Amino acid sequence: MRRTPSRRHPETGLAPGTLVHVGQRRTESTKITVFQYDAANVQERELTGVEECREYTKYAGVLWINIDGIHDISVVESIGRLFDIHPLVMEDIANTGQRPKIEEYDGYLFVIAKMIYEVAETKQLRSEQVSIVLTPRVVISFQEQEGDVFDPVRERLRTAKGIVRQRGSDYLAYCLVDAIVDHYFLIMENLEDRIFPLEEQVVDDPQPQVLKSMHLLKSDLVFLRRSLWPLREMLGRLDRDRHPLIRKDTRPFLRDVQDHTIQVIEMLESFQEIVSGLMDVHLTSISNRMNNVMKLLTVIATIFIPLTFIAGVYGMNFKHMPELAWRWGYPAVLGVMLLVFIGMLIFFRRKKWL
Amino acid sequence: MRRTPSRRHPETGLAPGTLVHVGQRRTESTKITVFQYDAANVQERELTGVEECREYTKYAGVLWINIDGIHDISVVESIGRLFDIHPLVMEDIANTGQRPKIEEYDGYLFVIAKMIYEVAETKQLRSEQVSIVLTPRVVISFQEQEGDVFDPVRERLRTAKGIVRQRGSDYLAYCLVDAIVDHYFLIMENLEDRIFPLEEQVVDDPQPQVLKSMHLLKSDLVFLRRSLWPLREMLGRLDRDRHPLIRKDTRPFLRDVQDHTIQVIEMLESFQEIVSGLMDVHLTSISNRMNNVMKLLTVIATIFIPLTFIAGVYGMNFKHMPELAWRWGYPAVLGVMLLVFIGMLIFFRRKKWL
Amino acid sequence: MRRTPSRRHPETGLAPGTLVHVGQRRTESTKITVFQYDAANVQERELTGVEECREYTKYAGVLWINIDGIHDISVVESIGRLFDIHPLVMEDIANTGQRPKIEEYDGYLFVIAKMIYEVAETKQLRSEQVSIVLTPRVVISFQEQEGDVFDPVRERLRTAKGIVRQRGSDYLAYCLVDAIVDHYFLIMENLEDRIFPLEEQVVDDPQPQVLKSMHLLKSDLVFLRRSLWPLREMLGRLDRDRHPLIRKDTRPFLRDVQDHTIQVIEMLESFQEIVSGLMDVHLTSISNRMNNVMKLLTVIATIFIPLTFIAGVYGMNFKHMPELAWRWGYPAVLGVMLLVFIGMLIFFRRKKWL
Amino acid sequence: MRRTPSRRHPETGLAPGTLVHVGQRRTESTKITVFQYDAANVQERELTGVEECREYTKYAGVLWINIDGIHDISVVESIGRLFDIHPLVMEDIANTGQRPKIEEYDGYLFVIAKMIYEVAETKQLRSEQVSIVLTPRVVISFQEQEGDVFDPVRERLRTAKGIVRQRGSDYLAYCLVDAIVDHYFLIMENLEDRIFPLEEQVVDDPQPQVLKSMHLLKSDLVFLRRSLWPLREMLGRLDRDRHPLIRKDTRPFLRDVQDHTIQVIEMLESFQEIVSGLMDVHLTSISNRMNNVMKLLTVIATIFIPLTFIAGVYGMNFKHMPELAWRWGYPAVLGVMLLVFIGMLIFFRRKKWL
Amino acid sequence: MRRTPSRRHPETGLAPGTLVHVGQRRTESTKITVFQYDAANVQERELTGVEECREYTKYAGVLWINIDGIHDISVVESIGRLFDIHPLVMEDIANTGQRPKIEEYDGYLFVIAKMIYEVAETKQLRSEQVSIVLTPRVVISFQEQEGDVFDPVRERLRTAKGIVRQRGSDYLAYCLVDAIVDHYFLIMENLEDRIFPLEEQVVDDPQPQVLKSMHLLKSDLVFLRRSLWPLREMLGRLDRDRHPLIRKDTRPFLRDVQDHTIQVIEMLESFQEIVSGLMDVHLTSISNRMNNVMKLLTVIATIFIPLTFIAGVYGMNFKHMPELAWRWGYPAVLGVMLLVFIGMLIFFRRKKWL
């Protein structure tokens with residue numbers, strides 16, 4: 001299995017702004033849900049078509065349209081036409097190989113982030129692209145498939161917990177990004193749980209399969225950093241640029257989520273340094289083991305090869321070998337052998353090989 | 001074969017601005033094609049000489065002159081004189097060892113990019129220099145040889161697909177650069193297809209030829225990064241400088257192609273990290289295997305060398321070796337040997353060598 | 001044991017600004033102590049509840065409130081309400097996984113630093129988060145548990161040693177940060193005391209357990225750098241921004257503590273380079289040793305295997321082996337063996353293996 | 001031989017501005033040549049003393065004074081007095097251990113560059129310091145010895161080829177720097193010719209002397225980069241600062257030579273990456289080979305040691321060894337040995353060692 | 001011995017500005033010398049106490065006070081009071097673990113630099129902290145012990161050589177820093193003299209003690225870079241900030257000494273790269289040697305083990321071994337052995353192992 005996210009590019013050479021879905025092919029139908037709320041009321045519905053959105057845009061209050069499934073290009077296109085979104089933005093939404101970024105357009109902000117999740121069966125990390133379009137009163141979020149990290153936000157909307165219902169669309173957009181970043185902490189813990197046993201294993205019992213785990217871990221870390229660095233950049237830019245769509249009292253929250261991103265990145269970099277170090281430790285550990293194997297071989301060979309030679313000498317069939325006829329020849333040779341044996345043992349003991 | 005692009009410099013010491021072709025020698029004749037278009041009409045022709053260009057410059061609309069083959073210096077020179085291009089620009093067009101860059105001159109922009117393609121037979125990466133001169137109404141592109149990635153652009157010109165026919169020369173130049181960058185995604189996929197089996201092989205079956213593949217891959221990555229980094233820089237500068245030749249509505253497109261470049265570079269850097277890691281994995285894997293080889297040798301030697309010694313002792317020809325005459329001497333010795341053998345097996349089993 | 005600080009994130013998905021304690025669970029009760037002082041007087045008391053603080057805020061002079069134990073969320077919350085602190089600040093105080101930072105709010109500065117200490121039994125490094133809120137007349141410090149590095153500051157407050165009693169709350173905050181940074185020097189010395197014997201060992205006697213020590217040391221260095229770099233950044237920003245809360249005569253002191261931080265970081269980086277180097281030295285040292293082992297084995301085998309072969313030849317039982325019957329056959333063969341033996345010795349001596 | 005340039009410093013502790021020649025001691029006499037030219041005329045002469053320069057400075061047109069040999073301090077000093085040059089500049093000219101740089105003084109620019117050449121016999125790279133003083137009408141160049149890369153410039157001056165005779169002293173200075181940078185391309189090709197065979201050798205036939213070549217190559221690359229980076233910096237600064245001595249129409253040329261420098265640096269860095277990679281490949285290749293050696297040894301030993309043991313058993317001299325008397329004992333044992341032999345072969349074939 | 005400079009911090013927790021000597025304990029008494037000079041006169045004296053300084057401050061001209069030995073805190077304190085120096089400066093002077101820096105205070109500049117010297121007996125590098133306080137007319141320098149690199153400056157003061165007597169205190173301070181930096185060149189040469197033989201040894205004869213030398217060298221390079229980088233920074237800042245205490249005609253000299261610092265740092269970095277490379281070369285060299293050892297063992301074992309087996313077969317005591325009775329059995333077996341022997345030799349010759 002490829003561990004890097006699906007990054008197949010469409011047939012290159014299409015006119016810029018052409019909408020083509022790029023990503024994992026899916027067959028489920030696209031799901032559109034809306035939340036319409038202000039401090040007093042909240043309304044939640046699942047729509048059957050894009051056209052229904054139009055009526056919601058008429059009311060006051062904040063509107064959140066969430067689209068699960070972007071493989072149905074026609075839906076994405078309709079939304080784009082409805083809210084008058086630039087064709088390049090639509091292309092980026094449909095093509096899931098984008099890097100996290102933020103782009104300003106007249107009247108709206110366009111944000112791409114990566115939601116990381118662990119595939120339950122294979123323990124592999126995958127990323128899902130979440131595109132957010134923020135206008136003064138509407139937030140539109142596009143996801144690749146159902147199932148996300150926004151449930152706590154929905155819950156807060158429904159129950160008016162926290163301050164989200166008192167704030168505008170910019171705060172809602174912040175909540176979505178915050179939920180995504182918060183989820184990285186869980187991923188970090190999972191990673192730590194994979195690093196921790198490796199540390200033990202590598203020093204105490206360096207098995208070959210450890211190598212594979214370390215390589216997978218390393219690739220996962222590279223992959224994660226690639227999703228996170230642009231996020232940090234993007235949030236930093238949002239902080240610096242003071243875009244009019246972001247109200248002043250939302251800014252400390254943006255700084256907070258930027259802070260969390262930096263925290264995750266620093267953990268990630270610590271992990272990378274530690275895993276890199278583990279590779280060296282592993283190699284050295286193997287060398288250490290080989291050294292021990294060689295020592296054993298050398299001890300055995302060095303002790304017995306000379307003894308075998310002595311035995312070989314007295315196994316020769318010469319007629320005239322006076323020692324053979326001596327009364328104490330045999331015990332004498334055995335004695336000599338014993339002396340050699342003991343001498344060797346002392347020698348190796350001194351060399352600390354035994 | 002050299003994997004780095006031909007970077008032979010001409011006899012150093014020529015006066016600056018002297019036109020000398022530097023690159024692979026080619027014998028095909030130079031081919032000049034022009035596209036003359038506006039929103040309503042498009043005209044496409046292959047010219048027999050540079051002089052014919054002159055008449056096309058008189059009409060309104062955008063003119064795209066494409067020259068395939070720069071080894072015929074006289075053609076390049078004529079074009080240069082016709083459009084009054086700085087001698088240093090002409091020198092850079094003829095010398096294919098340039099790095100991607102953008103330079104501003106009075107009345108025109110000069111862009112150099114690298115088109116990467118894979119030689120079909122050898123699977124090696126090669127680069128071809130594409131030089132683009134952008135004036136308010138004319139785009140001139142110079143390529144080393146026929147065959148390029150611009151066919152989709154030509155198709156769109158002919159069929160008025162997309163918006164290219166409604167826009168000016170700056171949008172055409174963008175389309176050319178975009179086509180080049182888009183092509184990098186294909187190269188990336190090919191690279192991924194080379195990395196993927198290596199990852200499997202290195203851990204499971206580290207053959208020596210893997211080493212060669214990895215080294216080739218690494219050099220290709222170094223070579224690609226060298227073509228891409230200046231492109232990123234160049235596009236960034238174009239974005240910042242807001243050159244009057246680039247109309248305002250073309251700018252989002254430039255930002256988009258810059259984005260794609262960054263995406264390719266980040267993939268490339270991930271690949272580099274992964275391939276670097278693979279090298280370590282490979283070395284460790286070999287050490288692991290050697291360890292196994294050594295273990296086998298040690299087990300065999302450690303078991304049989306002492307046994308052979310015992311057999312050697314009783315092969316000695318001393319007259320007075322009472323054991324030899326014993327009735328159960330032989331079975332006793334065989335028994336001792338068996339005990340040693342079993343003891344050794346248990347010892348190695350405990351050490352987990354067997 | 002995990003060496004990285006407890007960085008368990010709470011159930012992600014809480015509303016931003018929700019107070020949840022994240023860190024090691026503790027059962028001791030929270031302790032609140034106050035210092036109220038001016039140049040002339042100093043008063044020190046341990047409070048039983050947050051409400052008592054209120055009366056202290058009425059007096060002139062500087063007030064230092066120190067809270068040991070943040071696991072009792074209600075205490076932190078009361079303090080927050082009393083001094084009107086932003087919910088995000090309160091959240092950061094309670095969540096001990098923050099990175100050192102400084103944040104400006106209307107009317108107060110919020111500082112997070114990491115106090116490093118060595119767990120006595122295990123010699124492991126741990127960090128404790130110290131959060132400081134600086135208002136014009138009050139300093140509030142939050143610590144995870146009792147026992148800190150502020151005793152010298154307290155002593156100076158009590159005895160009016162130094163100038164702390166003549167200065168304002170900003171100088172007190174500086175004193176606290178300075179005490180934390182000063183403590184890093186002790187940690188550095190402990191690290192040096194761990195590196196020093198490793199250097200000796202690695203070259204002279206590379207035992208496998210050295211590997212484990214080196215890996216632990218490396219992880220500790222990574223961990224420390226992660227606590228220190230943001231501190232440096234934070235102090236640098238404080239210096240640049242010239243916040244009105246920091247009086248002009250306190251600035252040289254801030255520069256001084258920033259200087260100390262840089263000094264510690266540079267030591268740390270030297271240590272990292274040295275430990276990295278040690279890893280290579282260790283690996284090379286092991287290879288050297290293996291080389292010696294192999295040489296011994298080769299010398300022994302190369303000398304005795306041919307001799308044993310000769311003995312084996314004359315141990316064959318052929319009827320017609322004329323040498324066996326020769327009068328001087330046996331001594332002659334022994335002589336040949338001796339010659340081979342001496343020849344080999346000379347050969348190895350020349351190769352400098354003996 | 002030292003590969004780094006002679007960087008012996010004089011007795012440290014001299015007053016700043018004291019002229020002491022630092023560099024290779026030479027005995028040839030110093031040679032002074034002048035070119036006096038304008039668009040119409042050119043005059044070329046070799047002078048016998050510095051005083052003769054004085055009269056040339058009176059004429060209109062550009063004057064180029066070239067001094068070959070700076071070991072004769074008196075000549076350098078006279079020139080310095082004649083053109084009123086700052087003592088620190090004179091010190092830098094005489095001390096050949098400078099790094100490339102550009103310095104502005106009232107009325108003149110001072111440029112130091114490094115000319116790299118290959119010593120014909122030893123194939124080693126050496127650098128020669130070229131110092132250029134540029135005043136509005138005079139260019140003075142100082143070289144360590146005769147023989148340089150300026151002949152093409154001289155030729156163009158004599159034959160009025162190119163535009164050098166129409167331009168001022170700034171263009172001449174540019175030509176000199178350009179000639180130096182152009183020469184680097186030749187050096188690059190030589191380096192590539194050294195890297196190319198190494199790549200083949202390292203993978204296919206890793207001989208120990210390859211190691212030496214690689215180390216030499218690496219040191220040469222480090223040495224070259226050290227000469228080139230400051231040159232890049234210096235040209236970049238010249239471009240940014242828009243010094244009044246550099247006329248506007250000379251600037252594109254300066255940008256061009258800066259471009260060439262960047263090109264050379266990027267090649268250099270690619271080379272460094274490739275050579276670094278080769279080191280790893282070499283080490284891995286050696287491990288691979290050793291693995292093969294070990295496999296052969298293990299196969300032979302594992303097959304024959306047990307067989308020899310069996311032969312040893314039946315070479316024992318026990319009186320009561322019933323097998324010895326059996327009619328088919330000998331063939332049976334031979335048969336067993338054959339079975340063991342074949343079994344081992346199959347075993348190793350399965351392990352793919354044979 | 002510790003190679004890093006004594007960096008023992010005093011009992012942490014002292015009030016900032018408290019004077020405590022940190023460094024090597026010394027018993028010699030503190031020595032105070034003054035130079036009072038202007039263009040016409042120079043007066044040099046050794047003082048017995050700090051109070052004597054007071055009268056010198058009354059005269060016109062430049063005053064240089066040099067203190068050898070800072071372990072006598074009372075002397076440092078008196079100087080501080082006499083010239084009204086900030087307590088933090090005094091603390092830094094007394095604590096020798098500072099990093100090179102420059103600090104501006106009202107009316108004076110405070111400079112810390114590191115003087116490197118080689119301990120004659122052990123060839124180890126040590127650093128001594130030199131603190132310089134520069135006021136408009138007075139330069140005060142503090143050194144840890146007698147013996148420094150300022151003798152040439154003193155000589156120039158006495159003999160009015162150079163321009164130092166015509167300039168102000170800023171030029172004197174420059175001279176002191178210049179003398180310190182100049183001394184680094186000597187250290188560089190010593191380092192080169194240590195690297196040079198290592199290069200030879202590592203490739204041609206990799207002995208284990210080389211490893212120790214390399215590690216020492218590496219640590220020394222790390223240590224030196226740590227002293228030099230801040231110096232470079234400090235001089236750069238002095239150049240940029242144009243402090244009023246630095247007269248305009250002193251600035252080119254400061255730029256010159258900054259240049260020298262950069263030169264030393266670049267040498268240092270080249271050295272680091274070369275030494276890092278040497279480590280790899282060493283490891284590879286050892287692997288190469290081991291490979292040779294293994295080849296010899298394998299050749300010997302592979303040739304003689306099968307031969308010994310053959311001899312063993314005919315040493316068996318079976319009654320019915322027809323070959324034993326053959327007339328030419330023995331010569332035939334010897335012949336077979338010879339054939340095997342020659343075959344093996346050819347085999348190994350082909351594999352280029354012999």
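In what order do the seven strands of the open sheet in chain E run, and what is the pairing? I opened the notebook with that. I note at once that this is a predicted model.

**Entry: the sheet of chain E**

I traced the strands and got the order E2-E1-E3-E7-E6-E5-E4. The sheet is open and its pairing is mixed. I then looked for the edges. Strand E2 (42-47) and strand E4 (101-105) of chain E stand there. Each has a single partner strand, so one side of each has no neighbour in the sheet.

Next I took one pair. Strand E1 (residues 31-37) and strand E3 (residues 62-68) of chain E run antiparallel and are joined by seven bridges. I looked up E:Lys31 and found E:Asp68 as its bridge partner in E3(E).

**Entry: strand E3 of chain D**

I moved to chain D. How many of the seven residues of strand E3 (residues 62-68) of chain D are buried? I read off six, so the strand is largely enclosed by the rest of the structure.

I then listed its partners. Strand E1 (residues 31-37) of chain D runs antiparallel to E3(D), with seven bridges between them. Strand E7 (residues 138-143) of chain D runs parallel to E3(D), with six bridges. I followed D:Ile67 to both sides. D:Ile67 is the bridge partner of D:Ile32, and D:Ile67 stands opposite D:Phe142 in E7(D).

**Entry: domains of chain A**

I checked how chain A is divided. Domain 1 covers 31-284 and domain 2 covers 288-350. Taken over C-alpha atoms, the centres of these two domains of chain A are 73 Å apart.

**Entry: chain D against chain E**

I laid chain D on chain E.

Then I counted the contact. 49 residues of chain D are in contact with 53 residues of chain E. Four helices of chain D each supply at least two residues of the side that touches chain E: H6 (208-241), H7 (251-313), H8 (322-325) and H9 (329-350). The largest share of that side, 19 residues, comes from H7(D). I sorted the residues of this side of chain D into 25 nonpolar, 14 polar and 10 charged.

**Entry: chain B against chain A**

I went on to the contact between chain B and chain A. Chain B gives 53 residues and chain A gives 46 residues. Which helix of chain B supplies the largest share of the side that touches chain A? I found H7(B), with 33 residues. Helix H4 (151-159), helix H5 (169-204) and helix H7 (251-313) of chain B each supply at least two residues of that side. I sorted the residues on this side of chain B too: 24 nonpolar, 17 polar and 12 charged.

Conventions: Residues are numbered from 1 along each chain as its sequence is written. Chains are lettered from A and ligands numbered from 1 in the order in which they are written. This is a predicted model: local features need pLDDT of at least 70, side-chain atom pairs count only at pLDDT 80 or more; totals for chains, interfaces and linings use all residues. Two residues are in contact if their C-beta atoms, placed from the backbone, lie within 7 Å. Ala, Val, Leu, Ile, Met, Phe, Trp, Tyr, Cys and Pro count as nonpolar, Asp, Glu, Lys and Arg as charged, and the others, Gly among them, as polar. Domain bounds come from an automatic or database domain assignment. Two strands pair if DSSP finds at least two bridges between them. A residue is buried if 20 or more other C-beta atoms lie within 10 Å of its own, exposed if 12 or fewer, and partly exposed in between; C-beta atoms are placed from the backbone.
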